[in-house]
Structure formats: C-alpha cells, structure tokens
Amino acid sequence: MPDRSADPSAPLLLLGRRTPLTRAGTALADVPVHRLLAPILQRLVTETGLAPESVADVVMGNAVGAGGNLARLSALEAGLPLSVPGVTVDRQCGSGLDAVVLACRLAQAGAGSAFLAGGAESISTAPLRGRRGADGEVEFYRRARFSPEHLGDPGMGEAAETVAREHGIDRRRQDAFALRSHRRALEAAAAGRFDEELVPVTGARGEVTADNGPRPRLNAELLARFPAAFVDGGTVTAGNSCADADGAAAVLIATPAAAHGLRATTALAFRGASTQGVDPTRLGLGAAAAAARLLAEQGVAARQLAAVEFNEAFAGQVLACTDLLGIDERVLNADGGALALGHAYGASGAVSVVRLLARARDLPEGSLLLAMISSAGGIGTAALFEKTAVPGPTR
C-alpha cells in the first residue's frame, strides 16, 4: 500500500477502450487513423453517459501521421459537438501516454472537468515522407532525425543492441521474455480478459474484433533460429523485437465532481508523472530514468507497485529498465505486451493506460499502478496512478 493516498481532488481515469491491434499491412490496413480513433471516442461517451458537450478537450497522440490535427478530426468524425476542440501531441512513441498526462494536468489546472485522451496510429496509411533537395526534386526518407549528428542518432534496433550489451541482457533472456509476452497475450485472449476493452473496427476486409499479433506456434526453438536483425553478431532479432501495428486507444478523464453519476466501475486517480531525457544513443533507457524520478518524488518503492505496463519495443531494453528499477516481473505486463500485440507508435502509451484500467478491476483500493514508455531521441515518460473508489452511485 502507498505511503500516502492520492489527492481527493486528483483527476480520475474512469474508462479505457482500444481497437484491436493488428500488424501493419493486415486487417486494418485500409482504415485511416481518424476512423480508428472515432469509434473509441464514441464508446467512451456512450458507455459512461457523459454529456458530449461537457468534453473540455480531446487530447490525442500521433507519431507518423499526415499532420493537421488528428484529435479534432477524430472528434468530428465521432460526432462530438462542434464546440469540442482537439489538440494533437507528438512525442513519438510516448505520444499516447503524454496525451493522457497532459489531459490530467489540464484537469488539475481547472481547464475543464472532462477530457478524452489517448493516441492512434495507422502505420499502414501513414504518408510517405519527402523533402526538397537543392535541385528542387523530392528526396524520400524513412524517418525524421531525432538527435544531431554530433550526439548520434542510431536506428531503434541499433540503440536496443547497445542497451542490451551494456546491461548484460543476453539473447537467451531476451527470447524468453518475448515468448512470455506471446504466451501471456494468448492466455489473456482465451480467458476473455481483453474482451471488455476492445472496440471492433470495420474496414474493407470486414469487422475486426481481435488482436492478430500473438503467435500460438511460437516456441523457444523457433526464436533461437532468428538471425540478428540490426547488428552483425547481435542479440536483437525480429523475434525479440515488436512488430509495427495499427490501432488506437483512449480513456475518459474527469474531475471527481464531474465523475459523479457517470457509469463507471473502476477509477484510477492520477498521482503524478515525469518525463526525462537520456543519451539518444541509449534511448531505450528513457523510461527507467523517468520512472526512477517519479517514484522518488512520490516516495514509492518499486516493490509497492501492484501493476506495471511498459511498452515492449525490444525485449532487451525492457529487461534493462526493469532491472535498473527493481520491478518484479510478476506485475509487469501481466497479459503480454507489444512483443506479442504489436507497437502502434503514438497509441502504445495509451494502450498501456487502458490495460492498467483493465487490470485494476481485480486490485484493491489503494493499489499503485505505473505506465511507462521510452521514445525516440532519448526521452522517457512515466505516470503513476492509484486505484480509488468510483465517486457517487453508478447506474
């Protein structure tokens, strides 16, 4: 139990929903990003009985979209009133979690009483990126620069290799963690633990109702046959790295006063958050730096955490971070993570929060839950929540 309880006026997370996560280029490949997100926003409003006009803002993360303002576009697509604005956050992989944190901060500051926050990514429909060369011709490129040349700007896989090597995370341990993720996700799906949080999405290929990333036939022998993917002789492979995915996730955040009378069965109070920069060549350690700072500020020890959701971009960097923090693997990603489900960039941090809300159903009040994620450029974000009573009667 925590040393001190959440502030009784702290913003509350009342409901979280997500689309199925599907490998890029597969089941949701034809669905544009705002149409992934719109059904989630609709569901959050209708399930809780929230008056749509009471939404102060829609705060959404996105990493590789076409620009514009995804949050506003999605709100209009969802049929929210024209008076409801929207703001889109880009902290690359951290975007979805940062959007949730920003909405909580806005509620704390008195900027409104109810917010919809999360993230979305359609990697399948993301635009090609190009810049004009000196001759006026377009030069296409795969990703933006995240760090200046003098500091180094490695690819994500190369950076994951550095972290795994320097922290002694060998190939066997990475593969074992990846297999654990798939098996836990498959077990959770079979037991129906994802059912309540999933919102079906219909595309040209029909209705999509389930994640398609977890692999039932994966085993240790198969994982051992994967070659190094990024560095000759390395330990990071396609098998212990996440796959790109399409998907969206969002939560309803409300002040305690606004939460009265809403239909909700679980509430997480926002305890605090931290964002921290690290060496861009070791970008996977950002989450550990942010979480260490946050836990110290909150006076919370890692052993007090009842549930942790950490985006599994690469098994090696997850294990390095959890080793540094002293997090018990039994509370980490209990139903699998991105190694099985896939990584929908700007949505992934929001998926973690949705998963915490789902896991909180079976936890006692006062339980502490942590979401954390590492981002390109050497940035980590962590957010701490506490399970609390749902205000007022539910109906």
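## Packing of α4 and α9

In this predicted model, the axes of helix α4 (residues 156-166) and helix α9 (residues 315-325) come within 8 Å and cross at roughly 45°. The two helices are therefore oblique to each other, a class that takes the angles left over when under 35 degrees is roughly parallel, over 145 roughly antiparallel and 65 to 115 roughly perpendicular. The crossing of α4 and α9 is left-handed.

On the α4 side the contact (heavy atoms within 4.5 Å) is made by A160, V163 and A164, and on the α9 side by G316, Q317 and A320. By class, the contact of α4 with α9 has four nonpolar, two polar and no charged residues, with Gly counted as polar.

## Annotated span

An unreviewed UniProt entry carries the annotation "domain: Thiolase C-terminal" for residues 270-387; such annotations may be inferred rather than shown by experiment. The end C-alpha atoms of residues 270-387 lie 9 Å apart, and the span is 35% helix and 26% strand.

## Residue N311

N311 is found in the loop between β12 (305-310) and α9. At 7% relative accessibility, N311 counts as buried (under 20% relative accessible area, with a 1.4 Å probe and protein chains only). Leaving aside residues up to four places away in sequence, N311 touches V318, A338, H343, S348, S352, M372 and I373.

## Basis of the values

Residues are numbered from 1 along each chain as its sequence is written, and side-chain values use heavy atoms, without hydrogens and water. Local features need pLDDT of at least 70 and side-chain atom pairs count only at pLDDT 80 or more, whereas totals for chains, interfaces and linings use all residues.

How values were computed. Axes fitted to C-alpha atoms, helices over the stretch in contact; angles between N-to-C directions. Helix = DSSP H or I, 4+ residues; strand = E, 2+ residues; numbered from the N terminus. Left-handed = near helix turned anticlockwise from the far one by under 90°. Buried < 20%, exposed > 50% of the residue type's maximum accessible area, 1.4 Å probe, protein only.
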